[in-house]
Amino acid sequence: MNKISSRLALFLPLGLFAALSLVLLMGLDKDPTELPSALVGERFPAFALPDLENQDEILSRADIEGEVLLVNVWATWCFACRIEHPHLNTLAEQGVKIIGLNYKDQRKPARLWLLERGNPYAFNIFDAEGSLGIDLGVYGAPETYLVDAQGIIRHRRVGVVDPRIWAQEFSQLYYELTGERPELSGAP
Amino acid sequence: MIRWGLLLLIFQANLLLASAEIVPFSDESLRPRYQQLIEELRCPKCQNQNLADSNSPISQDLREQVRRLLEEDLTDAEIKEYLKSRYSEFILYRPEVNQNTWLLWAAPVLFLIIGILVLYRLYFNSAASARAVTPEKNGLDSHNQQRLDELLQENRDQQ
């Protein structure tokens, strides 16, 4: 009996090695740049910031509550936003309400961007200093938040929302909240 | 000559880096706390840099925010909580002990205990075998000679 258990003990390092390999193997699939989200399930933070088009108009949280909508963080300096923009246009055409958060940008190029590429946004919050960005925990544009009618953040995507991401992460949740199922072409 | 020139360049580069950012404080006693905080907080955009080391725009903004919060008289714990509630635990370079991180914190102690156990066993086994060694003609000690005889006997029995 004693002999058998001491023999088995020789396999312990092998077993530990196998277990460690398995854990590390699972880690390979994870995207290390993706942060756990602190705000999902929380209310959208309060803010008081001007409108991009009209600097005298001060927008606040009340302007975005009451409806299911997307809040999209974008900027003209953000290259990935160029790739994302047509998808936002497609969603807006299908009746998705999208609020823009123009993040650490300048008014003139931002307005020009919307003229050139089309404007999918119901309106744009102009956050030149990035203060709402800090309250949201924004660390890179683009970011997209799905906010429900109570103003609770239900989902957050850091990075481009493309047909694949829409189908995987947003579509079902959006359907549950609104009963509608807008689609982005090219979804698998 | 060129060598001296290069050396001079290196020193100048250091000077430039050192003077890259001047952070104004109303009270100088806040500065060491600021330094400590930005070294313990992680840049959310970078994989492995703290706010002090990183020059990414988000780090600059967060350093400024830390400075502002210090001026507003928040404690270090409150500032960390403020950032944690926005950027998640990722931002803390020294994570809190909770159900996700207890293993991380306990691991060094666990490994130390395992290491001591292994050393203990190795030491006593070698001491025991050192005592047991009595060289035989075929190079086997008496214990192994006995086992060899047993195994051979078993083999014969099976046939």
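**Entry 1: across the interface**

I count a salt bridge when a side-chain nitrogen of Lys or Arg lies within 4 Å of a carboxyl oxygen of Asp or Glu. Between chain A and chain B the count is two salt bridges.

I note that this is a predicted model, in which local features need pLDDT of at least 70, side-chain atom pairs count only at pLDDT 80 or more, and totals for chains, interfaces and linings use all residues. Residues are numbered from 1 along each chain as its sequence is written, chains are lettered from A and ligands numbered from 1 in the order in which they are written, and side-chain values use heavy atoms, with hydrogens and water left out.

**Entry 2: extent of the interface**

I then listed contacts (heavy atoms within 4.5 Å): 19 residues of chain A touch 16 residues of chain B. The two chains bury about 1,400 Å² between them, and 53% of that is on carbon and sulfur atoms. Buried area here is the accessible area (1.4 Å probe) that two parts lose on being put together, summed over both. A:L35, A:I134 and A:Y139 supply 39% of what chain A buries against chain B, more than any other three residues.

**Entry 3: salt bridges inside chain B**

Next I checked pairs within chain B. B:D76 forms a salt bridge with B:R33, the closest N and O atoms being 2.9 Å apart. This pair links distant parts of the chain, with B:D76 in helix α4 (residues 76-87) and B:R33 in helix α2 (residues 30-40), 43 residues apart. I take helices as DSSP runs (H or I, at least four residues), numbered from the N terminus.

B:K80 pairs with B:E40 at 2.7 Å between the closest N and O atoms. These two also join helix α4 to helix α2 of chain B, 40 residues apart. Is B:E40 buried or exposed? B:E40 is buried, at 13% relative accessible area, while B:K80 is partly exposed at 26%. The cut-offs are under 20% for buried, over 50% for exposed and partly exposed in between (1.4 Å probe, protein chains only). Shared partners put B:E40, B:K80 and B:R94 into one salt-bridge network.

I also found B:R31 in a salt bridge with B:E28, at 2.9 Å between the closest N and O atoms.

**Entry 4: chain B as a whole**

Chain B has six helices and zero strands. Buried residues make up 25% of its 159 residues.
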